[in-house]
Amino acid sequence: MKSLAHSLAVLLMVMTGHALAQDAPQLNLPRVQLTVGMYRIDAQVAHTHEQRATGLMFRRDMPLHEGMLFVFEQPAGQCFWMKNTLLPLTAAFVADDGTIVNLADMKPQTTDSHCSAQPVRYVLEMNQGWFAKRGIKAGAKLGGQLFEGRK
């Protein structure tokens, strides 16, 4: 009986720890350096299904020059929402060659869908207003190793 109680206690701790980890922001993803015009972006890269599903959820702040780049296996219509996301964000839907297809401002903690205007492989989320304050619009091109040599 004692070993059963001990096993259940360990299982409960593991399950509780796992649940807490899901409610915490992702802060240690790999990073990539991007540019757009004369501006530099330090972007965390979410490339697994789990990383993309969590995205910027639970973050309370994000430095101005930072963002998160979502990388998908192939171009497709991508739609994003803001459930459990505390920061107002702008999503840039990005083609394989780095061209911004469209931008969408997204309100925190909503389930409204914000979708790409055409199939894309990349989505870059930045603090809301980052693109507008710099005059960056659809048609602008992201630079960086990820986009080099792509057409």
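Which residues does Gln51 touch, not counting residues up to four places away in sequence? In this predicted model, Gln51 touches Gln26, Leu29, Val45 and Ala46, where contact means heavy atoms within 4.5 Å.

The numbering of residues starts from 1 along each chain as its sequence is written. Because the model is predicted, local features need pLDDT of at least 70 and side-chain atom pairs count only at pLDDT 80 or more, while totals for chains, interfaces and linings use all residues; side-chain values use heavy atoms, with hydrogens and water left out.

Gln51 is found in helix α2, helices being DSSP runs of H or I with at least four residues and strands runs of E with at least two, both numbered from the N terminus. With a relative accessible area of 15%, Gln51 is buried, a term that means under 20% relative accessible area, against over 50% for exposed and partly exposed in between, with a 1.4 Å probe and protein chains only. Gln51 and Gln26 are 25 residues apart along the chain, and their C-alpha atoms are separated by 7.9 Å.

**The sheet**

Seven strands form an open sheet in the order β6-β5-β8-β3-β2-β1-β9, with mixed pairing; two strands pair if DSSP finds at least two bridges between them. The edges are held by β6 (100-106) and β9, each with a single partner strand, so one side of each is left without a neighbour in the sheet.

Strand β8 (residues 120-127) has eight of its eight residues buried, so it is largely enclosed by the rest of the structure. β8 pairs with β3 in the antiparallel sense over six bridges, and Ala76 stands opposite Val120 in β8. Strand β5 (residues 89-94) is also joined to β8 by six bridges, and these two run antiparallel.

| Residue | Partner in β8 |
|---|---|
| Phe93 | Val123 |
| Thr90 | Met126 |

**Aromatic pairs**

The structure holds six aromatic pairs, counted where rings of Phe, Tyr and Trp (its six-membered ring) have their centres within 6.5 Å, with planes under 30 degrees apart taken as stacked, over 60 as edge-to-face and the rest as tilted. In one of them, the rings of Phe72 and Phe80 have centres 6.3 Å apart and planes at 85°, so the pair is edge-to-face. Both Phe72 and Phe80 are buried.

The rings of Tyr122 and Phe147 have their centres 5.1 Å apart and their planes at 80°, so this pair, too, is edge-to-face. It links distant parts of the chain, since Tyr122 lies in strand β8 and Phe147 in the segment after β9 (142-143), 25 residues apart. Tyr122 counts as buried at 1% relative accessibility, and Phe147 counts as buried at 4%. Ring pairs also link Phe70, Phe72, Phe80 and Phe93 into a cluster.

**The largest pocket**

The largest pocket has a volume of about 200 Å³. A pocket is an open set of points on a 1 Å grid over the protein atoms alone, where a 1.4 Å probe fits, with protein on both sides within 12 Å along at least five of seven lines, and lining residues have an atom within 4 Å of a point. Its lining has 14 residues, of which Arg52, Ala53, Phe70, Phe80 and Trp81 lie nearest its centre. At least two residues of the lining come from each of α2 (49-54), β3 (66-76) and β4 (79-80), and α2 gives the most, with three residues.

Conventions. Grid points are joined across faces, edges and corners, and a volume is the space filled by probe spheres set on the points.
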